[in-house]
Amino acid sequence: MQPQIILMKEGTDSSQGKPQLISNINACAAVVDAIRTTLGPRGMDKLIVDTKGQATISNDGATIMKQLDIVHPAAKILVDIAKSQDAEVGDGTTTVVLLAGQFLEQCKTLIEEGVHPHAIIRAFRRATNLAIEKINEIAVKINKKDPVELRSILAKCAGTSLNSKLIHQQKDFFAQMVVDAVMSLDSLLPLDMIGIKKVPGGALEESRLVDGVAFKKTFSYAGFEMQPKHYENPKIALLNIELELKAERDNAEIRVNNVEEYQKIVDTEWNILYQKLDLIHKSGAKVVLSKLPIGDVATQYFADRDMFCAGRVVDEDMKRTIKACGGAIMSTAHDLDDSVLGTCQLFEEKQIGAERFNFFNGCPQAKTCTIVLRGGAEQFLEETERSLHDAIMIVRRALKHDAVVAGGGAVELEVSKHLREYSRSIASKEQLFLAAYAKALEVIPRQLCDNAGFDSTTILNKLRARHAEGGKWYGVDVMNEDIADNFIACVWEPALVKINALTAASEAACLILSVDETIKSPRSSTDGPPMPGRGRGRPM
Ligand code: ADP
Ligand code: MG
């Protein structure tokens, strides 16, 4: 008798071959179906409720995919490409998932007919290269010399990105704001130098862009009212020190036998605090920010010396202040000198809506700006922030990469046409695969029509005819249920968004196609016992 060979642990689950491939493709199709309807200016939004009852309303592909909590291993790849598109270019996240899904859909019939996945993968790689070449060829260069023209181009790109968002009514207003914000940055355009602060209440149009760092006034103690709220060229101390009496008392256990000893402890506590305060005062700082609480004694002390203080400043705000104003976060009050103190041209505290804000204007180290958003519901503000993030990323991309194409399916159809023509020149089987790729690209205009409630077949026929006649920028006109030259209609997108979306989608499709076996170990984390954590569901 042959001895039995045991390769894997008992309970290991595996399936392989064609059925596995088909099942992976089907899983991806299910994910794509979930976000299909969010594409484009007439796309719908999704309301997602998580286990804690937190509701999120979003139109952003990456946000939705993150919230969906997908467990299928192959479908997870789609989440990853949405995330990477979000990180890389910021917009086009729905597009990339939709494209990947459609590539797979087109492959499904081929696979079922017995085509080897590698033949398809090779053809798809080639098709992607051809598509990128074509996009680069037809993309229109931005003229950076003329500032007025540059601004208007950037505003159009931002507008196209905002078209599909909840705030599309105010798209011109926000497009201008986003362009102003990005243009005010240094040449490297660091994203984290644009702060976005949400103040509930008021109308969307009351949102505004302020130069420099701004954050909400932190919690303050009595005595705060007496502190000056306006300085020119102040020195700014950035601390990580608790300036409060309470803390020292809580941190230790001391046994005392009589009142005198207790009095000594209390006195020492006060002395330590006053020492710190004196050191800060002597350093010449006028504005004192601390990540930790600043108590009532300290507040009073600063007020008496015409200084301003804010405790419990959020980490993110602190970092931005440092980057903009210079200086360093100090954990001790000793060694406070000019090398670690920041500065700015103007510090003031101002009222915005019902909230008070601290402003640092004219920062020497880095140019920075803050968008203060106003609006109704919390969820609405959050979605507005995400939408602005997309638009900001698009403007940055357009500035860096300086080439744009027309959206609304125009560029996809043009590339599709090019690939189809090219495929006819090939004699081998590859012709079929290139044609399948070309067909998959049509999903974008088709979905834009479907989401707007148009007859997609009619519109697509019109579009194909127009592109064949050489109208390369013709795309869906979502306002009039017709086709239009989207370059003239100013539906513009950076070429890089499209290139990245195509590359990522075809990479993901190829990756999923190359998997023919999933092996699930019995102790995998998805269905094993819950991971040990810090309690209350938090991770380690
Ligand atoms: P994504 O997450 O991929 O950015 P969106 O929901 O933002 O998805 O939709 C983007 C698509 O909508 C792009 O293909 C873009 O060309 C198209 N689009 C945006 N504005 C218009 C418009 N005014 N007319 C036609 N298509 C538009
Ligand atoms: Mg978008």
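A residue counts as near a molecule or strand if one of its heavy atoms lies within 4 Å of it. Keep that in mind for ligand 1: it has 22 residues around it, and Asp91, Thr95, Asn163, Ser164 and Gly408 come nearest.

Some ground rules before we go on. This is a predicted model, where local features need pLDDT of at least 70 and side-chain atom pairs count only at pLDDT 80 or more, while totals for chains, interfaces and linings use all residues. Residues are numbered from 1 along each chain as its sequence is written, chains are lettered from A and ligands numbered from 1 in the order in which they are written, and side-chain values use heavy atoms, with hydrogens and water left out.

**The ligand**

| Residue | Atom facing an oxygen of ligand 1 | Distance |
|---|---|---|
| Gly92 | polar backbone atom | 3.0 Å |
| Ser164 | N or O atom in the side chain | 2.5 Å |
| Gly408 | polar backbone atom | 2.5 Å |

Taken alone, ligand 1 exposes 570 Å², and the protein buries 97% of that. Such areas come from the Shrake-Rupley method with a 1.4 Å probe; for residues, only the protein chains shown count as cover.

**Helices and a buried threonine**

Helices here are DSSP runs (H or I, at least four residues), as are strands (E, at least two), numbered from the N terminus. Buried means under 20% relative accessible area, exposed over 50%, and partly exposed in between (1.4 Å probe, protein chains only).

Thr384 sits in helix 12 (residues 378–401). Is Thr384 buried or exposed? With a relative accessible area of 1%, Thr384 is buried. Its side chain reaches the backbone oxygen of Phe380 at 2.6 Å. Leaving out residues up to four places away in sequence, Thr384 touches Ile167, Leu204 and Leu373, where contact means heavy atoms within 4.5 Å.

Helix 15 (residues 443–452) is largely enclosed by the rest of the structure, because seven of its ten residues are buried. Those buried residues pack against helix 4 (93–112), helix 13, helix 14 (430–441), helix 16 (456–468) and strand 18 (474–477).

**Salt bridges**

How many salt bridges does a search of the whole structure find? It turns up 25, each being a side-chain nitrogen of Lys or Arg within 4 Å of a carboxyl oxygen of Asp or Glu.

Glu507 pairs with Arg125, their closest N and O atoms 3.7 Å apart. That pair links distant parts of the chain: Glu507 is in helix 17 (residues 495–513) and Arg125 in helix 5 (residues 117–138), 382 residues apart. Glu507 is partly exposed at 40% relative accessible area, and Arg125 is partly exposed at 42%.

Asp315 forms a salt bridge with Lys291 at 3.1 Å between the closest N and O atoms, and another with Lys319 at 3.2 Å. Asp315 and Lys319 both lie in helix 11, four residues apart, about one turn of the helix.

Definitions and conventions:
A polar contact is a pair of N or O atoms within 3.5 Å; within protein, one must be able to donate a hydrogen and the other to accept it, and residues adjacent in sequence count only if both atoms are side-chain atoms.
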